[in-house]
Amino acid sequence: MKEFFKVNDLEQVFAYLELFPRVEAETVSLSDAPGRVLASDIVSREDLPEFRRATMDGYAVRAASTFGASEANPAYLTVRGTVAMGETPSFSVGYGEAARISTGGMLPEGADGVLMIEHAGTIDAGTIEAYQSIAPGHNIIEKGEDFCRGQTVLSRGRRLRSPGTGLLAALGRTSVSVYKRPAIGILSTGDEIAPVDQVPPAGKIRDINAHSISALIRAAGGETEMFDPVPDDPMRIRDALERGLASADVVVLSGGSSVGERDHMLNVVASLSDAVVHAHGIAISPGKPTLIASVQGKPVFGLPGHPVSALVVAQVFLAPFLGYLQGQELKQTPSGMRVSAELTDSIHSAQGREEYVRVKLEQSQGRLTARPVFGKSGMLSTLVKADGFVVLPIHAEGLPAGETVEVVIF
């Protein structure tokens, strides 16, 4: 007789996940780096900017020349010339002098501030009047003020977005060391599962989980390989699992993780050489019959067969774990953006498990609200209609209507 699973709390599960090593690093071109996680600190080899530069269109001046200037009592300055963009000025600016300059231009020697063009008037071709007093450093960026030589500008474990990519370009980096994208093998099991390109006969359903989980994995930075669905046959499941382990860094199975007569996943995984079952059963809802194991040193996730449960568990555990494999801190919270919203209806919960309640976000009278999406277990409509979910802590009995909640976006 098959044993019922022993339920683990979330802290135990995340502790197990931290036992796995991260993937190796590789060097990629700057154009291929966005979305990847840095495998080493980026230290600036130069000052940025490398020269004093203007942040406004106007006149580069020695600030002391404008002290006391106002519209009623302007300061008169001699224009020494114009600073062309991208060029080093061939002249200096002294007391009582100015130079025309554009945003980003290099300040001439002697200038320590920029008078905005709106605060100056032209007297003739060689003279202006200043209507405002400025202080040294006004409307300029000093050499090395943004980043200085030897400074760590981006830290290992940071996922590279467009601003960081631009910074690397500014520093002349054409390549960067990043963690490899983990390869994830995805396998759906069950006599009822049919390929998506077939019209399923009576009693069968198309392979939903492989595609929804694959989409989540790719969003988390992983690469996926989807295997053909396997029926509830221990030998065929074992063969498919071994093929997955041979080619992937992580194997994700769905279906067969519960305690039914045909739920073979636990026995198959445990029968493999060098297999350690870390958790079979987690104190969450949905997704209680989740399996997490190590086989030949590689992580194996056994997700429930219900599409709703499988996707929620993947967002709560698998997505943060993929970030960890790529060098990020393993956060014990579901992946995804978060927004605050007002709960429209009360939510009830049983103590002893962390619960994830799907909600739909709506605008109502100028405020963002979260409306619970209720439905029977396994109904895809509860996922499609929902924008995210609210986490009910393990010891909570529920949340009242009107409560401000944090919604984790799918």
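At 46% relative accessibility, Glu-406 counts as partly exposed, a class that covers the range between buried (under 20% relative accessible area) and exposed (over 50%), taken with a 1.4 Å probe and protein chains only. The model is predicted, so local features need pLDDT of at least 70 and side-chain atom pairs count only at pLDDT 80 or more, while totals for chains, interfaces and linings use all residues. Residues are numbered from 1 along each chain as its sequence is written, and side-chain values use heavy atoms, with hydrogens and water left out.

**Salt bridges**

Side chains of opposite charge can pair when their charged atoms come close. The structure holds 10 salt bridges, each defined as a side-chain nitrogen of Lys or Arg within 4 Å of a carboxyl oxygen of Asp or Glu. Three of these pairs are listed below.

| Glu-406 | Arg-338 | 3.4 Å |

Glu-406 and Arg-338 meet in a salt bridge. This pair links distant parts of the chain, with Glu-406 in strand β28 (residues 404-409) and Arg-338 in strand β22 (residues 338-343), 68 residues apart. Helices (H or I, at least four residues) and strands (E, at least two) are DSSP runs, numbered from the N terminus. Arg-338, at 31% relative accessibility, is partly exposed. Salt bridges with shared partners also join Asp-345, Glu-362 and Arg-371 into one network.

Because Glu-97 belongs to strand β6 (residues 97-101) and Arg-80 to strand β5 (residues 75-82), the pair ties together parts that are 17 residues apart in sequence. Glu-97 is partly exposed at 23% relative accessibility, and Arg-80 is partly exposed at 39%.

Asp-239 is partly exposed, with a relative accessible area of 42%; Arg-243 is partly exposed at 44%.

**Packing of helices α1 and α6**

Two packed helices are described by the angle between their axes and the distance between the axes. Helix α1 (residues 10-17) packs against helix α6 (residues 307-325) at an angle of about 35°, and their axes are 11 Å apart. The axes are lines fitted to C-alpha atoms over the stretch in contact, and angles run from 0 to 180 degrees between N-to-C directions. In the contact (heavy atoms within 4.5 Å), Leu-10, Val-13, Phe-14 and Leu-17 of α1 meet Val-316, Phe-317, Phe-321 and Tyr-324 of α6. By class, this contact has 8 nonpolar, no polar and no charged residues.

**Aromatic pairs**

The whole structure contains 6 aromatic pairs. Rings of Phe, Tyr and Trp (its six-membered ring) pair if their centres lie within 6.5 Å; planes under 30 degrees apart count as stacked, over 60 as edge-to-face and the rest as tilted. Phe-14 and Phe-317 form a tilted pair, 5.3 Å centre to centre with 35° between the planes. This pair links helix α1 to helix α6 across 303 residues, and both Phe-14 and Phe-317 are buried.

Another tilted pair is that of Phe-389 and Phe-410, at 5.6 Å centre to centre and 55° between the planes. Phe-389 lies in strand β26 (residues 388-392) and Phe-410 in the segment after β28, 21 residues apart. Phe-389 is buried at 0% relative accessibility, whereas Phe-410 is partly exposed at 34%. Ring pairs also link Phe-20, Phe-301, Phe-321 and Tyr-324 into a cluster.

How values were computed. Nonpolar A, V, L, I, M, F, W, Y, C, P; charged D, E, K, R; others polar.
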